[in-house]
Amino acid sequence: MRSSFAYRTARNAVFKGIIILLTLVTLFPLIAVLYHIFTEGISAINWSFFTHLPKPVGETGGGVLNAIAGSLLIILFATLIAVPVGVAVGLYFRDNSKTKVYAVAHSAVDILQGIPSIVIGIIIYLWLVKPTGQFSSISGSVTLAFMMLPSIIKSTEETLKLVPESIKEASLALGVPHYKTMLRVIVPMGMSGILNGIILGIARVAGETAPLLFTAFGNPFLNFNIGKPMASLPLIIFNYAISPYDDWHKLAWGASFILVAIVLFLNILTKLAERKWKVQF
Amino acid sequence: MTDIQEREKATRYLNFREGLYQKTLSFSAVLIILLIGCMFLTLLISSIPSIRAIGIKFFYNSAWDPVSDQYGALPFLAGTLLTSLLALIISIPFSLSIGLFLGEYFPNGWISNILKNGIELLAGIPSVIFGFWGMFTIVPFVRDLEMKLGAPPIGVGILSASILLAIMIIPYSASLIRLVVSMVPSTLKEGAYSLGATRFEVIRYIIIPHIRSGISAGILLSLGRALGETMAVTMLIGNTVAIPKSLFDTGNTMASVIANEFTEATGKVYFSALIEVGLFLFLVTTLINVIGVKIIKRYQVQ
């Protein structure tokens with residue numbers, strides 16, 4: 001009976017049904033989160049949301065200009081720190097994959113990717129905030145730079161490995177110096193992949209909150225000095241979300257909407273870039 | 001200047017640039033290694049006051065009380081372990097299903113495209129937003145459940161945090177499982193099909209045994225993610241210092257106690273004890289990641 005044909009096909013069908021059902025159930029929270037953010041967020045957003053500072057409790061209106069500016073600035077500096085280091089390490093990995101340094105550095109990158117963000121926050125606090133005695137936006141940038149590095153390094157290495165050796169040899173045969181071959185021929189050919197890694201890295205850190213709690217700290221005012229505490233979208237969402245006030249919840253929903261829109265936009269950007277400039281040889 | 005001198009000058013210049021290029025690259029690679037080493041040392045050195053003052057009691061003392069200068073991390077260890085394991089248990093059926101759905105049943109086509117993009121999107125939503133959303137959806141849901149079961153209707157607690165954590169790690173473990181499912185050699189599957197096996201039998205007797213260690217690696221790596229997850233858990237777990245006795249109890253995790261108390265820790269031992277929690281988290285997640293990545297890489301080599 002257990003091995004009859006009918007039993008086996010029935011079991012097969014039931015199993016397939018369960019797989020499909022469980023898979024579709026997973027889409028449920030996704031739709032719920034997006035729906036919630038969209039409906040709550042859109043009602044909180046208007047022009048003054050982008051142009052005003054948050055108002056004290058009890059006063060309606062106000063915006064999150066300080067957080068938007070802060071997030072942009074923190075991420076900009078994080079990118080400026082992470083990209084040169086990440087691309088250099090990726091280039092090293094491409095050409096030296098048999099050395100000891102490669103093996104150790106490669107594991108180091110894997111480890112870095114797995115370190116919880118809050119622990120990186122502690123470390124940067126001990127390195128940059130405690131000695132200077134001041135929370136600063138640049139320490140937040142350094143924290144985020146660390147978290148972007150693995151994505152930039154890996155995409156640089158993997159894309160540049162796709163560029164065939166024959167192209168490198170052709171350039172060398174024409175008398176182009178090795179360093180120039182790498183920087184002017186190989187890197188531009190893998191540019192789309194590198195850019196993809198950078199954008200993915202930005203998308204990964206744009207919503208990071210935990211490590212910014214003890215580095216950038218947050219600031220209710222507009223600040224462009226990277227040596228001083230600075231507001232950011234994730235921080236403002238956290239602070240307003242755990243507050244008991246409806247006005248602040250509303251601001252937090254609006255900020256969530258903007259943050260998700262940014263992350264979504266970055267993800268779509270990488271998808272389009274991938275499709276348009278896919279490295280193929 | 002003669003021709004030869006000029007050429008020598010040009011060569012020297014090129015050699016210098018080439019050397020600079022090579023040195024910059026090697027320096028960056030070594031820098032990464034040094035930075036990770038320094039991170040570990042920083043945590044270790046800063047934890048020394050607490051290691052000296054508390055010693056091994058840190059891991060089994062359940063009192064965390066800055067007023068009487070007692071720091072036992074057991075409640076946080078218990079909270080972290082409980083939420084992470086519960087989240088894994090909740091997420092495994094779903095991530096396995098998605099892995100099989102995308103890796104075996106529908107590897108191509110528009111359905112899998114939508115699903116893949118949707119899951120990527122889910123993975124991209126920041127943790128703090130998940131937490132915010134959870135406060136307004138999961139917490140009331142758990143509160144209703146508690147009312148029906150007669151438990152005190154708090155809403156926040158271990159169960160709420162675990163459900164949210166499960167939703168957050170599904171994309172990650174599902175994509176890892178999909179990766180190993182799609183790497184099962186098609187000759188093996190075709191062999192079974194040609195003997196008359198149904199798809200379920202192929203999955204049950206060919207695919208699953210073949211990727212057993214890959215699935216464990218995927219689960220292990222998701223555990224690493226869950227252990228370090230901070231914001232969403234902090235917002236939903238209730239943040240009380242006690243060993244949770246039931247799923248509805250409030251609690252605290254290692255990551256969330258750091259997030260909550262780090263900037264307010266004034267005493268030397270208090271501050272250092274929080275860093276020791278961070279050091280422990282660092283060591284555990286590093287160990288989990290090294291093992292998990294090693295197993296996954298073995299599949300990619302095959």
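Predicted model: local features only at pLDDT ≥ 70, side-chain atom pairs only at ≥ 80, totals over all residues.

Colleague: Why are H9(A) and H11(A) called roughly antiparallel to each other?

Modeller: The axes of helix H9 (residues 191-206) of chain A and helix H11 (residues 246-276) of chain A cross at roughly 165 degrees and come within 9 Å. The cut-off is 145 degrees, and H9(A) and H11(A) are therefore roughly antiparallel. Their crossing is left-handed.

Colleague: Which residues of H9(A) and H11(A) meet, and how do they divide by class?

Modeller: On the side of H9(A), the residues include Leu195(A), Ile199(A) and Ala203(A); on the side of H11(A), they include Leu259(A), Leu266(A) and Glu274(A). The residues of this contact comprise 12 nonpolar, 4 polar and 1 charged.

Colleague: What makes H3(B) and H5(B) oblique to each other?

Modeller: Helix H3 (residues 110-124) of chain B and H5(B) pack at about 135 degrees, with 8 Å between their axes. Roughly antiparallel requires an angle over 145 degrees, and roughly perpendicular covers 65 to 115; H3(B) and H5(B) are therefore oblique. This crossing is left-handed. Ile119(B), Leu122(B) and Ala123(B) of H3(B) make the contact with Pro171(B), Tyr172(B), Ala174(B) and Ser175(B) of H5(B). By class, 6 of the residues are nonpolar, 1 is polar and none is charged.

Colleague: Why does Pro66(B) count as partly exposed?

Modeller: Pro66(B) has 16 C-beta neighbours inside 10 Å. Buried requires 20 or more, and exposed requires 12 or fewer; Pro66(B) therefore counts as partly exposed. Pro66(B) lies in the loop between strand S1 (64-65) and strand S2 (70-71) of chain B.

Colleague: What does Pro66(B) touch, leaving out residues up to four places away in sequence?

Modeller: Pro66(B) touches Gly267(B) and Tyr270(B) on that basis. Gly267(B) is 201 residues away from Pro66(B) in sequence, yet their C-alpha atoms are 7.9 Å apart in space.

Colleague: Which residues have the most contacts inside the largest nonpolar core?

Modeller: They are Ile237(A) and Leu236(B), in a core of 169 residues. Helix H5 (residues 158-181) of chain B provides the largest share of this core, 17 residues. Beyond its neighbours within four places in sequence, Leu236(B) is in contact with residues including Met135(B), Ile138(B) and Leu164(B).

Colleague: How many residues does each chain give to the contact between chain A and chain B?

Modeller: Chain A gives 64 residues, and chain B gives 64 residues. Helix H1 (residues 3-54) of chain B gives the most to the side of chain B, with 17 residues.

Note on methods
Residues numbered from 1 in each chain as written. Chains lettered and ligands numbered in written order. Axes fitted to C-alpha atoms, helices over the stretch in contact; angles between N-to-C directions. Helix = DSSP H or I, 4+ residues; strand = E, 2+ residues; numbered from the N terminus. Parallel < 35°, antiparallel > 145°, perpendicular 65-115°, else oblique. Left-handed = near helix turned anticlockwise from the far one by under 90°. Contact = placed C-beta atoms within 7 Å. Nonpolar A, V, L, I, M, F, W, Y, C, P; charged D, E, K, R; others polar. Core = buried A, V, L, I, M, F, W, Y, C linked by C-beta atoms within 7 Å.
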